[in-house]
Structure formats: C-alpha cells, structure tokens
Amino acid sequence: GVQGEMEEEVFELPLGEVSQVNMPSKNEVAMEFHVDDTAGMNDECLVEMRLAMTDEDGVTKLYNGIKAKADTSAFAGESIVSFDDVPLLVPRGKYDVDLYPNHMKLHGKSSDFKILHTSVTRLFLLPKPDEVHVAFVISLDPPIRQGNTMYPHMVFNFTSDKTVDLDIKMDPDELEKKYKGKIQPREQAEQWRVFSKMVRTITGRPLHVPKTYESKDGQRAVRTALGANEGYLFFLESSFFFVNKPPTYIRFDDIDLIEFKRMDLERRFDLSVTTNAGQTLLFSNIDRAEFENIYGFLKAKDVTMEGAAEATRGKGAGAAAMELDDDDDDESEDDDFDPTAPAKADRGAGKDDDDEDDEVDDDELDEEFENEAANEDEELPKSKKSKS
C-alpha cells in the first residue's frame, strides 16, 4: 500500500500484477502491469505507474521491495535455464535471460522485462548472410514497452560459433514428462541453437525458418534498407521479415501489390510493398543480380507484382519465365529443423495457412536435435554457397 503524509493508506496495488519495475531516474520508480487478456475492447486498464520521491535512498528501497515481492507472486518458481549476456538488437543491450515454465525474465543494465509465454505469438530463426550472426526473433502480443517505445518484436543477435554448456535446473524425470525428451538434462551446442530450442520447446509457439528461398550467393536473405536503416530482408514461405531495425513482419496474404522500381539502373533496384491496409514499405538498394531469384520466388507465391518488364526486356518472356521457374518441379518435403541447410524447392503457393509452410513441427525438431552428434561438422550456420 501507498501512504500519504498523515500515514493513512491512499491505495493498494497487487504486486503480482507488476510485469516490470525499473528506476528511470534517481527519484522515480516506474511500474508496468500485465495486460488483462479478459478485458473488453473499451475497458480502461492500468498499464503503467510512476512514483516520484525526493529521498533517493527511499526510491532505491522502494524499488528493491517491489522487485522482491513481484518476483515471489505471479512469477513464482525456479528458472529452468539461464543464459548470460545475451545480445539484443531490439531493444538494444545485453540481457541475462532466465526461462521459467510459464514466463521469461530479461535483466539488463537499465531495464528488466518479464514476459508471459502467453504473450509470445511467433518465433523466427534467421541466419544472416554475413555467416557470422544468427537472428532469433520473438514476436509478442501485447508488446513490451521501454519508456514510450513499444516493441512487438525482440531481436536477439547470436554469434554463430559461440557455444554453451548448460545444466537444466529440473529433475530429469520431470523434464522428460513435461517436455517429452525434447530438452536434455545437459545441453551442449551453439548458443543460438540451444536458446532457440529452449524457447521454442518451453513456450510451445511455432518456429519459422526460411526454407526454399535462395539468393544469388546461396543465402536466405538479401541486403537492403528500410528507410534509412540498413538490414536484411528474409523470404519465408508465406511472409517477409526484415531485421534488424525496425523489425518488420509482412504476410504475403496481407500484400496488395509489390512493385519493382528503378529497374532501369544497372546495379540496384527497389522493392515497394503495398499492404491491403494501404501502407507502403520501400526496401531500397537491392543488388540487381538478386532480381531473378526474388521474382521467381514471389511469382510462385502468386503475389501480385508490377515493374518487372524492364528486367526481362531483351531476354524474351519465355526464356525469362523458364529461367525463373526452373525449380518448381521439386516437391520434396522439408525433413529437418536446420535453417542453414541448402534451400529446397518451393512446395507450392496460394495456400491459406498462416505461416504453416515455414513452421517446424515436432518431428522435424526432434530429428534435427537427435542428429546433432552425428553432424557436428555441419552445425555452424553457414548457408550453401553458389555453385561455380
């Protein structure tokens, strides 16, 4: 409870509802509260509160008291596994991450986050073309907040060759019963692999990986810029995902039109995406040599496109179509979880499934991690190189 000048109680707050607490300044304590999933659309809910005090020692004492109480209420229990100094690009910083059966905690130098697994909607594992980093994206609804900024996607940035050796803090029998052998009592592998596996298994949320798209260099994405921000545009089976900042997720079903712009230039072109809601996103300065692979991939997905005539001019429509569609006959199924394995042919387009084509099912996940020991030389996230 909070007391006034006469020490009478002014109001009470259930600390079990506190999802995050921090000190934005030496004289302030800021609290954020869980969003009530049962609230109606027009209901007003308390989502944030700041308490200002002149006594700096009192602020610190209040902060520590709230943090301790919040930790033992709605978020009771032991963590299953902890990861130290995990790098995030969005929101930026290094965080210690603790995974619990029903939530996760991120502890940074200036901010802490507590995220219920029910807030996690999708997971993405995206090997970057630099072959040095792997992005892991956690999509959230409701998003987390830092100050006045909302983050619907958290982007982790792992170094591909960093390894971890972790003991899982759960009784082996209970671990087997709860997670059906998908998590071992001791996990040893690359950090990106163990982290994505743990989050995917504990949250039970779908994990999406790029499967069939291949750039001119055999990579899963192309380098581009969204506005003034350079990054990578990944082509998944039923969506785009741009990282790093701002992380942008676009379902093919939500696209009204894709336009290829500046096709008269010799070295670069732009990709303009207009959504059904009328929003336009411009991905600029894409390498001109990437056009044919992008065009062929999107054509197979039945995405409406304009502006490709400049690119195929002089080749003949028939030859261009044959060159762009020469992989369509391979209907093989994806049989493992590795997002860095050689790209496979497109399995078809126009499906109504929401991202199901690039999801990894339990059998694929099990097969991949059961085969880790036998494929250690192939585990680093390096995509297939272009053939000479």
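Searching the whole structure turns up 22 aromatic pairs, meaning Phe, Tyr or Trp rings (six-membered ring for Trp) with centres within 6.5 Å. This is a predicted model, where local features need pLDDT of at least 70, side-chain atom pairs count only at pLDDT 80 or more, and totals for chains, interfaces and linings use all residues. Numbering starts from 1 along each chain as its sequence is written, and side-chain values use heavy atoms, with hydrogens and water left out.

**Rings around Phe195**
- Phe83 and Phe195 sit edge-to-face, 5.0 Å centre to centre with 80 degrees between the planes; planes over 60 degrees apart count as edge-to-face, under 30 as stacked and the rest as tilted.
- That pair links strand E6 to helix H3 (residues 191–203), with the two residues 112 apart in the chain; helices (H or I, at least four residues) and strands (E, at least two) are DSSP runs, numbered from the N terminus.
- Phe156 is in strand E12 (residues 149–159) and Phe195 in helix H3, so the pair ties together parts 39 residues apart in sequence.
- Ring pairs join Phe83, Phe136, Phe156, Phe158 and Phe195 into a cluster.

**The sheet**
- Eight strands make an open, mixed sheet, ordered E9-E8-E7-E6-E12-E11-E10-E15; strands pair if DSSP finds at least two bridges between them.
- Strands E9 (112–116) and E15 (207–208) are the edges, each pairing on one side only.
- E6 (residues 81–90) and E7 (residues 92–99) run antiparallel, joined by seven bridges.
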